[in-house]
Every structure is written in C-alpha cells, then in structure tokens.
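The following questions and answers concern one protein model. Please keep its sequence and structure in view while reading.

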Amino acid sequence: MGRHSEDVKYRGRRRWNGSHGQVWLDGELVFEIEKFEATVEAQREDVIIGNSVDSKVTNLKGEGTMTVKAVINRNFRKLHEAWCAGTDPRSTFVGLLDDPDAVDGQKERISIDNVWFNKLTPMTFEKGKVVEHEIPFGFTPEDLTYLESID
C-alpha cells in the first residue's frame with residue numbers, strides 16, 4: 001500500500017526549524033537573535049448564564065520576549081536614556097520564519113507596530129557561558145499584521 005501524496009508532503013523534514021528565523025527591529029536585522037516569541041492573550045470576564053459560568057472577551061493583550069546573544073548593546077542604551085528623560089519610545093518588529101524544507105517554500109512573516117519594552121538588563125554574565133539578554137516587550141494586538149502565512 002503506497003503513501004498518499006499528502007502523507008509524503010508532511011514528513012518530519014517538513015516540520016518548522018527555528019534556526020532560519022529572523023527578526024528586524026525598526027528595520028535593522030537583529031543578527032544576534034537566539035529566540036523570539038510574540039503572543040496575544042484574550043482578556044476575559046465571567047458571564048453567568050443560568051447556573052453556568054461562561055466568558056466574554058473584553059480586550060486583547062500583546063506581549064513577548066526576545067532573547068539575544070550579546071554582541072553589542074544595540075539601541076537599549078538609547079531606550080534607557082529616553083526612559084530617564086521621561087519618554088516612552090515605540091518600535092516595530094518584523095519576524096520571519098523561513099525553513100528551506102518548508103512545504104512549497106512557504107514562509108511566515110509578521111509585523112508588529114507600537115512595540116514597547118518592559119525591562120532592560122544593562123549587564124548580565126555567567127562565567128563559562130555566552131552572554132544572553134532576555135528582553136520582554138508589549139504591543140497592541142491590533143498593530144500585529146500577518147504579511148505572509150502558510151496556507
């Protein structure tokens with residue numbers, strides 16, 4: 001019994017490998033990227049119907065984390081200086097998930113505007129380890145756009 005073309009199309013090598021992911025911050029490639037995650041969470045409020053608790057989405061919350069292998073301090077010195085001056089700068093992320101083994105060469109690309117940063121770590125290190133910075137951020141979910149999606 002032979003395999004159907006759909007079975008062959010989705011073999012293990014077709015699973016996404018994050019090694020080819022890329023992120024741009026304000027148009028500049030973040031070449032030190034180790035990990036990137038952006039999530040949208042539905043904020044809900046309980047709604048009572050009879051004796052049951054149901055729920056209603058009341059708003060959306062966007063947040064994420066970018067982990068970079070430290071090479072340079074990037075624009076985060078400027079961000080710290082802006083915070084100290086009382087301003088809250090906003091940025092744009094573009095994320096690309098591209099794997100050469102993807103079915104039909106498909107890619108996923110998103111753009112996130114109105115990104116704010118929540119915490120900076122001016123210095124961190126551990127002996128015998130490559131220095132990494134974890135950078136949490138927030139964004140307004142309405143400012144997330146799907147530029148390319150897998151069909």
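Contact means heavy atoms within 4.5 Å. Helices (H or I, at least four residues) and strands (E, at least two) are DSSP runs, numbered from the N terminus. This is a predicted model, in which local features need pLDDT of at least 70, side-chain atom pairs count only at pLDDT 80 or more, and totals for chains, interfaces and linings use all residues. Residues are numbered from 1 along each chain as its sequence is written, and side-chain values use heavy atoms, with hydrogens and water left out.

Q: Which residues of helix H2 are buried?
A: Buried means under 20% relative accessible area, exposed over 50%, and partly exposed in between (1.4 Å probe, protein chains only). On the other side of H2, Arg77, Lys78 and Cys84 are exposed. Within H2, which spans residues 76-84, the buried residues are Phe76, Leu79 and Ala82.

Q: Why do the buried residues of H2 line one face of the helix?
A: An α-helix has 3.6 residues a turn, so residues three or four places apart point the same way. The buried residues of H2 are Phe76, Leu79 and Ala82. Seen down the axis of H2, with directions taken from the axis to the C-beta atoms, these residues line one face because they fall within an arc of 110 degrees.

Q: Which strands are included in what covers the buried residues of H2?
A: The buried residues in question are Phe76, Leu79 and Ala82. Their cover includes strands S1 (22-25), S4 (52-69), S6 (107-117) and S7 (132-139).

Q: Over how many bridges do S5 and S6 pair?
A: Two strands pair if DSSP finds at least two bridges between them. Strand S5 (residues 91-98) pairs with S6 in the antiparallel sense, and the number of bridges is seven.

Q: Which residue in S7 does Phe117 stand opposite?
A: S6 and S7 run antiparallel and are joined by two bridges. The residue opposite Phe117 in S7 is Phe137.

Q: How many aromatic pairs does the count come to?
A: Rings of Phe, Tyr and Trp (its six-membered ring) pair if their centres lie within 6.5 Å; planes under 30 degrees apart count as stacked, over 60 as edge-to-face and the rest as tilted. By this rule, the count of aromatic pairs is six.

Q: How many residues apart in sequence are the parts tied together by Phe36 and Phe93?
A: Phe36 and Phe93 form an edge-to-face pair, 5.2 Å centre to centre with 75 degrees between the planes. Phe36 lies in strand S3 (residues 33-49) and Phe93 in strand S5, so the separation in sequence is 57 residues.

Q: Is Phe93 buried or exposed?
A: The relative accessibility of Phe93 is 1%. Phe93 therefore counts as buried.

Q: What kind of pair do the rings of Phe36 and Phe137 form?
A: The ring centres of Phe36 and Phe137 are 5.7 Å apart. Their planes lie at 20 degrees, so the pair is stacked.

Q: How many residues does the largest nonpolar core have?
A: A nonpolar core is a set of buried Ala, Val, Leu, Ile, Met, Phe, Trp, Tyr and Cys residues joined through side-chain atoms within 4.5 Å. Among the residues with the most contacts inside the largest core are Phe76, Phe93 and Phe137. The number of residues in this core is 17.
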